[in-house]
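User: I would like to go through the classifications in this model one at a time, with each label set against the criterion behind it.

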Amino acid sequence: MIRMPLATASLLAVAISLAGCGDDKKEAAATQAAAPAATSTAAAPAATAKVDEAEAKKVVAHYADLALAVFTDAHTTGVALQKAVDALLANPNDDTLKAAREAWLAARVPYMQTEVFRFGNPVVDDWEGQLNAWPLDEGLIDYVAGDYQHALGNPGATANIIANTTIQIGEDKIDVTEITGEKLASLNELGGSEANVATGYHAIEFLLWGQDLNGTGPGAGNRPASDFKVGEGATGGHNERRRQYLKAATDLLVSDLEYMVGQWKSGVADNYRAKLEAESAESGLRKMLFGMGSLSLGELAGERMKVALEANSTEDEHDCFSDNTHNSHFYNAKGIRNVYLGEYKKVDGTTLTGPSLSALVAKIDAQTDSTVKADLEATEGKMQALVDSANKGVHFDQLIAADNAAGQQLVRDAIAALVKQTGAIEEAAGKIGITDLKPDNADHQF
């Protein structure tokens with residue numbers, strides 16, 4: 001997939017590059033979370049009261065509980081995907097391929113709700129590029145259509161790991177005879193190009209669906225199950241290596257998710273949660289608000305929606321092979337709401353609740369809390385409109401088509417809601433004493 005140069009946006013204490021944060025590999029947003037920004041999207045008021053330290057500590061502890069719950073669900077659904085992939089490889093047919101695709105879609109629901117924990121928490125930001133980097137040059141991985149347009153200057157854009165046991169990158173030859181998770185992970189950003197993504201959800205998505213060759217028309221990728229067969233009836237070529245690739249990438253995904261669950265478990269002396277809870281309550285609250293605002297404006301409104309809309313570019317569409325972009329965006333927004341309200345609906349149907357940012361803000365200024373909650377609800381409504389459209393057969397890639405004025409307006413409305421809620425998030429931050437969180441669009445016009 002093609003990466004396109006963009007203007008940048010900065011939010012809540014750090015310049016967030018719209019060209020970079022969407023590839024889910026940048027670390028600056030997390031590591032500079034405490035630095036003051038130059039400008040703001042909203043005039044944050046001075047703090048009107050100081051929150052109780054003990055109450056704030058409980059909110060931060062519950063934030064960690066939320067992270068543990070959502071990452072645990074991401075791992076659980078990842079294991080279900082792993083089992084479905086194993087079933088597909090044991091007996092490749094239309095039914096097992098469909099089941100594997102459905103398991104991938106189900107796994108995205110909790111994972112997309114984890115991304116609000118990325119910004120402000122370096123342990124997540126440093127880790128997640130291996131799981132969710134995008135867009136990707138799928139020609140690095142497997143066969144592609146003859147008119148495939150890759151990222152300019154990418155030396156690995158047509159390497160086709162599945163078809164070759166050795167790939168040439170400049171003057172270097174890389175042995176890929178053995179396809180393992182470790183080997184694939186080493187190929188991420190091969191040759192210095194961020195378009196070279198060899199692992200994670202989107203590499204697996206591409207293998208399960210294949211390229212979406214429909215442009216802004218209806219339809220997703222349509223890879224046949226026979227691409228995973230060996231012997232009679234096999235299609236695609238190099239099928240044993242394709243099978244090895246899918247297995248290795250899926251197993252690595254599950255292993256990575258298991259690692260992150262461990263980072264949020266309570267009672268572990270040297271994990272990330274222990275470090276977070278040892279910090280001041282203000283630091284924890286800052287990370288919560290920074291994560292909400294960064295995902296809301298720089299990442300979701302900016303990179304994941306505005307970029308694709310302005311360029312009418314399906315190449316910049318998240319979950320593009322499966323046409324699952326509407327759900328991806330919806331659950332990103334849901335994650336922001338989860339953190340503010342201190343609640344998360346688990347995949348088993350139960351809801352985790354506890355001390356919340358909302359309660360802290362409401363105790364100091366009930367009107368500000370009401371405003372944030374109203375904005376979060378309005379955003380969810382705009383995101384639901386994207387889901388409803390997809391359920392009626394008009395997906396995100398169709399909405400952003402140059403000749404679809406009504407569809408583009410649905411996307412613009414969602415972006416506007418995200419921008420508005422970001423201002424409310426900063427106002428809430430000011431109310432509880434986090435006065436140096438100042439959104440900055442860095443000349444990117446929303």
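Analyst: A residue counts as exposed when its relative accessible area is over 50%, as buried when that area is under 20%, and as partly exposed in between. The model is predicted, and Lys 363, which belongs to helix 12 (residues 357-364), has a relative accessible area of 60%, so this lysine is classed as exposed.

User: Why is Arg 273 called buried, and why is Asp 65 called partly exposed?

Analyst: Arg 273 has a relative accessibility of 5%, which is under the 20% limit, and therefore counts as buried. Asp 65 has 30%, which falls between 20% and 50%, so the label for this aspartate is partly exposed.

User: How do you know that Arg 273 and Asp 65 form a salt bridge?

Analyst: The closest N and O atoms of Arg 273 and Asp 65 are 2.7 Å apart, and the criterion asks for a side-chain nitrogen of Lys or Arg within 4 Å of a carboxyl oxygen of Asp or Glu, so the pair qualifies. Because Arg 273 is in helix 9 (residues 272-278) and Asp 65 in helix 3, the bridge ties together parts that are 208 residues apart in sequence. A search of the whole structure finds 22 salt bridges.

User: What makes Glu 128 and Arg 118 a salt bridge, and what parts does the pair tie together?

Analyst: The closest N and O atoms of Glu 128 and Arg 118 are 3.6 Å apart, which is within the 4 Å limit, so this pair also counts as a salt bridge. Glu 128 lies in helix 5 (residues 122-132) and Arg 118 in the loop between helix 4 and helix 5, so the parts tied together are 10 residues apart in sequence. Both Glu 128 and Arg 118 are buried.

User: Why is the contact between Glu 380 and Arg 337 called a salt bridge?

Analyst: The N to O distance between the side chains of Glu 380 and Arg 337 is 3.1 Å, within the 4 Å limit, and the pair is therefore a salt bridge. Glu 380 is part of helix 13 (residues 366-391) and Arg 337 of helix 11 (residues 325-341), so the pair ties together parts that are 43 residues apart in sequence. Elsewhere, salt bridges that share partners join Asp 142, Arg 223, Asp 227 and Arg 242 into one network.

User: What makes the pair of Trp 104 and Trp 209 edge-to-face?

Analyst: The centres of the Trp 104 and Trp 209 rings are 5.4 Å apart and their planes are at 70 degrees; the limits are within 6.5 Å and over 60 degrees, so the pair is edge-to-face. The pair links helix 4 (residues 94-114), which holds Trp 104, with helix 7 (residues 201-209), which holds Trp 209, across 105 residues. Both tryptophans, Trp 104 and Trp 209, are buried.

User: How do you know which residues have the most contacts inside the largest nonpolar core?

Analyst: The largest nonpolar core has 93 residues, and those with the most contacts inside it are Phe 71, Tyr 245, Trp 264, Leu 285 and Leu 357. Helix 3 gives the most to this core, with 16 residues. Leaving aside neighbours within four places in sequence, Tyr 245 is in contact with residues including Ile 141, Ile 179 and Leu 207.

Methods:
Residues are numbered from 1 along each chain as its sequence is written. This is a predicted model: local features need pLDDT of at least 70, side-chain atom pairs count only at pLDDT 80 or more; totals for chains, interfaces and linings use all residues. Side-chain values use heavy atoms; hydrogens and water are left out. Rings of Phe, Tyr and Trp (its six-membered ring) pair if their centres lie within 6.5 Å; planes under 30 degrees apart count as stacked, over 60 as edge-to-face and the rest as tilted. Helices (H or I, at least four residues) and strands (E, at least two) are DSSP runs, numbered from the N terminus. Buried means under 20% relative accessible area, exposed over 50%, partly exposed in between (1.4 Å probe, protein chains only). A nonpolar core is a set of buried Ala, Val, Leu, Ile, Met, Phe, Trp, Tyr and Cys residues joined through side-chain atoms within 4.5 Å. Contact means heavy atoms within 4.5 Å.
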